[in-house]
Amino acid sequence: MGHIIRQLTPNTTRYYWYPGDKKEWLRALVACGAGGAVFGLTVLLTRSVVAATVLGVSTSVGCACFNLGRRDTRALDGLDTATITRREAVAASGRGAWRGMVEGVAVALAVLLVAYLPAQGLLADWLLPLVPALAAGIARQGGLLSARLTHESAKASTLPGFRNQIAQAARH
């Protein structure tokens, strides 16, 4: 939960609460802006509303799903599986379900938007609606992977059993 604190007078402070974190809202705004920019550029270059819509929506959903994938990884890393309580597990799974629902609804709306474009034919009716869904899936996996690649691995000397392996190697 994010909040804004405003000091109105020396004795009065007003708190504004909003759902989510400010960084996450900015990332969502960047995703929408990137989709809008790609839409505008594609309309200018190709004069095709169908191509512009497919590329713009795919870019927007892809950026959002990339961020959601990174957020899922951060949420999983924040859980200590050895000491987690039932309440923490339920809360974490509820937030994960919420992120999954947001991602699914965004992709479904993007697919419906592309499916109801005025173009007709096999390509426009059956293949182009798959593009935003594929972009979202690949971007989410990219977000999961990029978040994992930024982690530092533990040094081998801190892993359990490392001293035993060294002792066994010295005997042979």
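Asp 77 is in contact with Arg 148 and His 151, leaving aside neighbours within four places in sequence. The model that shows this is predicted. Its protein has six helices and two strands, arranged along the sequence as β-β-α-α-α-α-α-α.

- Asp 77 is placed in helix α2.
- Asp 77 and its contact Arg 148 are 71 residues apart in sequence, while their C-alpha atoms are 9.6 Å apart in space.
- Thr 73 is also placed in helix α2.
- Thr 73 has a relative accessibility of 2% and therefore counts as buried, the cut-off being under 20%.
- Apart from neighbours within four places in sequence, Thr 73 is in contact with Leu 144, Ala 147, Arg 148 and His 151.

**The whole chain**

- The protein has 172 residues, of which 22% count as buried.
- Of the contacts between residues at least 6 apart in sequence, 58% join residues at least 24 apart.
- The accessible surface comes to about 12400 Å², and carbon and sulfur atoms account for 66% of that surface.

- Helix α1 covers residues 22-46, and α2 covers residues 49-77.
- The 25 residues of α1 should span 36 Å at 1.5 Å a residue, and the end C-alpha atoms of α1 are 36 Å apart, so the two values agree.
- Glu 24, Ala 31, Gly 35 and Thr 42 are buried in α1.
- The packing partner of the buried residues of α1 is α2.
- An α-helix has 3.6 residues a turn, so residues three or four places apart point the same way.
- Arg 47 follows α1 and sits in the loop between α1 and α2.
- Phi of Arg 47 is positive, near 60°, in a residue other than glycine.
- Most residues other than glycine have a negative phi.
- Arg 47 has a relative accessible area of 67% and is therefore exposed, the cut-off being over 50%.

**Helix α3**

- Helix α3 has 30 residues, and the distance from its first C-alpha to its last is 42 Å, close to the 44 Å expected at 1.5 Å a residue.
- The buried residues in α3 are Ala 92, Arg 99, Glu 103, Val 107, Ala 110 and Val 114.
- These buried residues of α3 pack against α2, α4 (122-127) and α5.
- Leu 112 also lies in α3, and its relative accessibility of 46% makes it partly exposed.
- From C-alpha to C-alpha, Leu 112 is 7.3 Å from Pro 129, and the two are 17 residues apart in sequence.

**The packing of α3 with α5**

- Helix α3 (residues 86-115) packs against helix α5 (residues 130-149) at an angle of about 150°, and the axes are 9 Å apart.
- The angle makes α3 roughly antiparallel to α5, because angles over 145 degrees are classed that way.
- On the α3 side, the contact is made by Glu 103, Val 107, Ala 110, Val 111 and Val 114.
- On the α5 side, the contact is made by Pro 132, Ala 133, Ala 136 and Arg 140.
- By class, the residues of this contact are seven nonpolar, no polar and two charged.
- Glu 103, Val 107, Ala 110 and Val 114 of this contact are among the buried residues of α3.

**Leu 134 in α5**

- Leu 134 lies in helix α5.
- At a relative accessibility of 55%, Leu 134 counts as exposed.
- The C-alpha atoms of Leu 134 and Val 107 are separated by 9.4 Å, and the two residues are 27 residues apart along the chain.
- Val 107 is one of the α3 residues that make the contact with α5.

Terms used: Residues are numbered from 1 along each chain as its sequence is written. This is a predicted model: local features need pLDDT of at least 70, side-chain atom pairs count only at pLDDT 80 or more; totals for chains, interfaces and linings use all residues. Side-chain values use heavy atoms; hydrogens and water are left out. Helices (H or I, at least four residues) and strands (E, at least two) are DSSP runs, numbered from the N terminus. Buried means under 20% relative accessible area, exposed over 50%, partly exposed in between (1.4 Å probe, protein chains only). The expected span of a helix is 1.5 Å times one less than its number of residues. Contact means heavy atoms within 4.5 Å. Axes are lines fitted to C-alpha atoms, for helices over the stretch in contact, and angles run from 0 to 180 degrees between N-to-C directions. Angles under 35 degrees count as roughly parallel, over 145 as roughly antiparallel, 65 to 115 as roughly perpendicular and the rest as oblique. Ala, Val, Leu, Ile, Met, Phe, Trp, Tyr, Cys and Pro count as nonpolar, Asp, Glu, Lys and Arg as charged, and the others, Gly among them, as polar. Accessible areas come from the Shrake-Rupley method with a 1.4 Å probe; for residues, only the protein chains shown count as cover.
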